[in-house]
Structure formats: structure tokens, C-alpha cells
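Thanks for coming. I have one structure to go through today, so please have a look at it first.

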Amino acid sequence: MLEVKVNKLLSSAEGQLELDLDFKCQAGEFLVISGESGAGKTSLLRMIAGLMNPDSGNIISNQEPWFGHKTNIKPQQRNCGLVFQQYALFPNMTVEGNLRYALKKSQADSIIEELLDIMEIKGLRNQKPNQLSGGQQQRVALARTLVQKPKLLLLDEPLSALDRSMRIRLQEYLKKVHQQFELTTIMVTHDPSEALRLADRIIEIEKGNITKDGKPTEVFGNKSLSGKFQFTGAVVDIQEEELLCIASVLVGNQLIKVVISDSEQKNLRIGDEVIVASKAFNPIIKKI
Ligand SMILES: Nc1ncnc2c1ncn2[C@@H]1O[C@H](COP(=O)(O)OP(=O)(O)OP(=O)(O)O)[C@@H](O)[C@H]1O
């Protein structure tokens, strides 16, 4: 379990912002942090990773103090991995080289093959990052972060530079590694559909304080499904295309096509009643 109780005075263009956060994250939980720009989400992740010092408070991971009154464990000694929106790969190294660079001397290198396999990048092992798509680069970045088998994975909007279909595919990879590596995962995202797909629990931060904390359905309630439009309808078709799966939903006499994830595909049948909603042109679908 990760216990976080931190206080930090931040300075923004609009004045000072007091970050005052207190929460626990259970082992194996997928916790999503959401909130408006400038709320303090990235600063929170940086404090957990040891890249920014809180003014006061405690950070305790599995009963090991990482930060406290007289404790401040170095970032490289905190057993956590951090992935940002930018892929930050070494451009002069191959995919495999990038992964090997992260390997500790004492570690067996079988983890490299395991990760190349899980992230489906075996065929790219000899390529350099600039020969890869954004989605492939982020899979390599994720694999590299997992080489040292962290118990805690911190993700700061890792998919926001990708287009919608690639984002949905990468969400599936995140789910897969979260389960296979029994990771405790804390992910910052602005995207409500991403939060709904991935989170066991969502914490919403506003101006440095936690304003909501609960299961996705409790936190978003109807809000996540009350975007620019919201319809109820019936699934009339589910089509697998090359990279995507598309559900066709009949709403009145209108047919609406929605991109769905692999897990949504498994859960949906023709004839199911669903809600289709959209925020920022990213339609989501929810079985009712
Ligand atoms: N090292 C720092 N010292 C003081 N203030 C900082 C520091 N880093 C960031 N800030 C300020 O803290 C505020 C919160 O920034 P933060 O990046 O944590 O927000 P955020 O919620 O992640 O925003 P976004 O969604 O836009 O990335 C910002 O106004 C920023 O200018």
C-alpha cells in the first residue's frame, strides 16, 4: 500500500497554490488522478517519484518511508517507474538497446525478451526510435520502465500525444501489464473515457485539494456520460477492422459508430442497450 500525505506551496502564473493531499492507494489498485490543468497532478507524481520534495508530510510505500520528517529516499531507490507523455527514449540506441540500458547488473536479462513479447515489439528490436510510430515508441518507453520490475507505476498522461485509435490500443497494453506485473498504478489523465476504461478508483483534484475520491461510477456519476451529447440505443453491429473494433448503435433511426476497446468488445453483444456519450469528440459507450 502507498500512503501519501503531502503539503507543498507551488507558485503559478495566477499566484500561489497550496497542494494539500492525503490518500492511500492499495496494492494492485489502478488509481486515476484527474482534474483541471494546473490542479497539481504532475507535482503529486513528481513528489511520489522523489523528483520534487514536499514542504511537509509523509510518503510511505509498503511500510517503507520514502519521505518524512527526517527521510528522503533518492528517486533511484524508490521502487517505482515513471512514464510521461514524451517518450524520452535514447535516439541513438535500438529498441532492445533502450531496454538493456535499464537492466541492473545483478538482473537476469530474460526480462528483456518477456517485455518485448508482452508489448508486441519483438519485430522492432533492431529499430531506432525515430523509425517507430508514436504508439510503438510509447510501448518501448513503457517496456523500458518495467525492466526493473517496479511495484509502483506512475503514468503522467502517457497516451495524450496519440490519436484515438492508438490510445485505445495502448490502454489495453496498460491494462495487461498492470495485471501481469501486479502493479500498483497511478495514472494522470484528462480523458474521462480513459479513466472509465482503466480505473479501479478515481481521485479528482481541484486547486491542490482532493474534491472527489471513489469508484469511476461514483466519481463521474452521470457527469461522465453527460457530455456534449448523450443517447440511449441498441447495438446492432460489432465489426472488427484492421486495428479497431467498431460498434454500430441505433439511436432512434440514426446509426452511430463508436470505437470500442477489446474488453468492451468482449462485454458487448448485438441487441445490448447502451448509452453513447461524448466529451471533446471522443465518444464512449456504456452498457445499461
Ligand atoms: N517545482 C515547482 N515549484 C513551484 N511551483 C511549481 C513547480 N512545478 C510546477 N509548479 C506550479 O504548480 C502548479 C501545478 O502544476 P502541475 O504541473 O502539478 O499541474 P497539473 O495538474 O499537472 O497541470 P496539467 O494538467 O496542465 O499538466 C502550476 O501552476 C505550476 O506552475
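This is a predicted model: local features need pLDDT of at least 70, side-chain atom pairs count only at pLDDT 80 or more; totals for chains, interfaces and linings use all residues.

Now the cores. In soluble globular proteins, nonpolar side chains tend to be buried together. Here the largest nonpolar core has 55 residues. Leu31, Val32, Ile33, Ile48, Ala143 and Leu154 are those with the most contacts inside that core. Which helix gives the most to this core? That is helix H4, residues 134-146, with five residues. Another core, of 12 residues, lies apart from the largest one, and Val258, Val274, Val276 and Ile284 are among its members.

Back to leucine 31 for a moment. Leaving aside neighbours within four places in sequence, what does leucine 31 touch? Its contacts are Cys25, Thr185, Ile186, Ala199, Asp200, Arg201 and Ile203.

Last, the helix pair. H4 packs with helix H5, residues 164-180, at an angle of about 15°, and the two axes are 10 Å apart. Angles under 35 degrees count as roughly parallel, and H4 and H5 are therefore roughly parallel to each other. The crossing of H4 past H5 is right-handed. On the H4 side, the contact is made by Gly134, Gly135, Gln138, Arg139, Leu142 and Leu146. On the H5 side, Met166, Arg169, Leu170, Tyr173 and Val177 make the contact.

That is the end of my part.

Terms used: Residues are numbered from 1 along each chain as its sequence is written. A nonpolar core is a set of buried Ala, Val, Leu, Ile, Met, Phe, Trp, Tyr and Cys residues joined through C-beta atoms within 7 Å. A residue is buried if 20 or more other C-beta atoms lie within 10 Å of its own, exposed if 12 or fewer, and partly exposed in between; C-beta atoms are placed from the backbone. Helices (H or I, at least four residues) and strands (E, at least two) are DSSP runs, numbered from the N terminus. Two residues are in contact if their C-beta atoms, placed from the backbone, lie within 7 Å. Axes are lines fitted to C-alpha atoms, for helices over the stretch in contact, and angles run from 0 to 180 degrees between N-to-C directions. Angles under 35 degrees count as roughly parallel, over 145 as roughly antiparallel, 65 to 115 as roughly perpendicular and the rest as oblique. A crossing is left-handed if the near helix is turned anticlockwise from the far one by less than a right angle, and right-handed if clockwise.
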